[in-house]
Amino acid sequence: MRIAIASDHAAIELKAALREWLIEEGHEVADLGPDGPESVDYPDYGYRLAEVIAEGTAERGVALCGSGIGISMAVNRNAAVRCALVSEPLSAALAREHNDANVIAMGARLIGRDMAVACLESFLAGDFAGGRHQRRVDKLCAPPFLSDRIEPHQ
């Protein structure tokens with residue numbers, strides 16, 4: 001699988017470890033940066049990652065920053081991308097199964113290498129369940145933005 005990975009300066013060590021693990025697992029990895037520890041702005045790398053996913057250059061993405069929060073917000077600005085912030089494998093699996101997430105975000109200051117690998121492994125192994133989840137994913141891709149278009153709870 002072709003996987004793109006990006007981070008900010010706070011997560012370059014975790015990014016390097018995950019890139020190495022992905023390559024060992026046989027994946028093709030596009031490292032979108034940064035390359036060094038100099039301070040950078042996470043939105044720049046989140047937007048770059050989202051663009052690569054949206055254009056189909058990579059099938060899945062991994063977004064990393066100190067907490068995972070900021071970069072996940074940046075990635076999710078692109079309507080073609082569904083990025084889930086995860087910190088354990090079950091959330092990573094459910095992000096794929098229920099939400100058809102194509103990117104996961106993790107916080108390098110909050111999660112260790114082994115847990116990050118476990119999350120990534122779970123995320124990559126999962127498939128989208130479709131069915132009742134499809135209409136919800138469709139709404140994520142094209143939100144109605146009108147309160148009168150919200151369906152009543154069933």
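This is a predicted model: local features need pLDDT of at least 70, side-chain atom pairs count only at pLDDT 80 or more; totals for chains, interfaces and linings use all residues.
Local features require pLDDT of at least 70 and side-chain atom pairs count only at pLDDT 80 or more, whereas totals for chains, interfaces and linings use all residues. Residues are numbered from 1 along each chain as its sequence is written, and side-chain values use heavy atoms, with hydrogens and water left out.

Helices (H or I, at least four residues) and strands (E, at least two) are DSSP runs numbered from the N terminus. Helix 4 (residues 89–99) packs with helix 5 (residues 113–125) at an angle of about 25°, their axes lying 8 Å apart; axes are lines fitted to C-alpha atoms, for helices over the stretch in contact, and angles run from 0 to 180 degrees between N-to-C directions. Helix 4 and helix 5 are therefore roughly parallel to each other, a term for angles under 35 degrees. Pro89, Ala92, Ala93 and Arg96 of helix 4 make the contact (heavy atoms within 4.5 Å) with Met115, Ala118, Cys119, Ser122 and Phe123 of helix 5.

A nonpolar core is a set of buried (under 20% relative accessible area, 1.4 Å probe, protein chains only) Ala, Val, Leu, Ile, Met, Phe, Trp, Tyr and Cys residues joined through side-chain atoms within 4.5 Å. The largest such core has 24 residues, of which Leu18, Val62, Leu64, Met106 and Leu120 touch the most other members. At least two residues each come from strand 1 (2–7), helix 1 (12–24), strand 3 (60–65), helix 4, strand 5 (103–107) and helix 5. Helix 5 supplies the largest share of this core, six residues. Apart from this core lies another, of 19 residues, including Ala6, Ala30, Val40 and Cys65.

Terms used
Angles under 35 degrees count as roughly parallel, over 145 as roughly antiparallel, 65 to 115 as roughly perpendicular and the rest as oblique. Buried means under 20% relative accessible area, exposed over 50%, partly exposed in between (1.4 Å probe, protein chains only).
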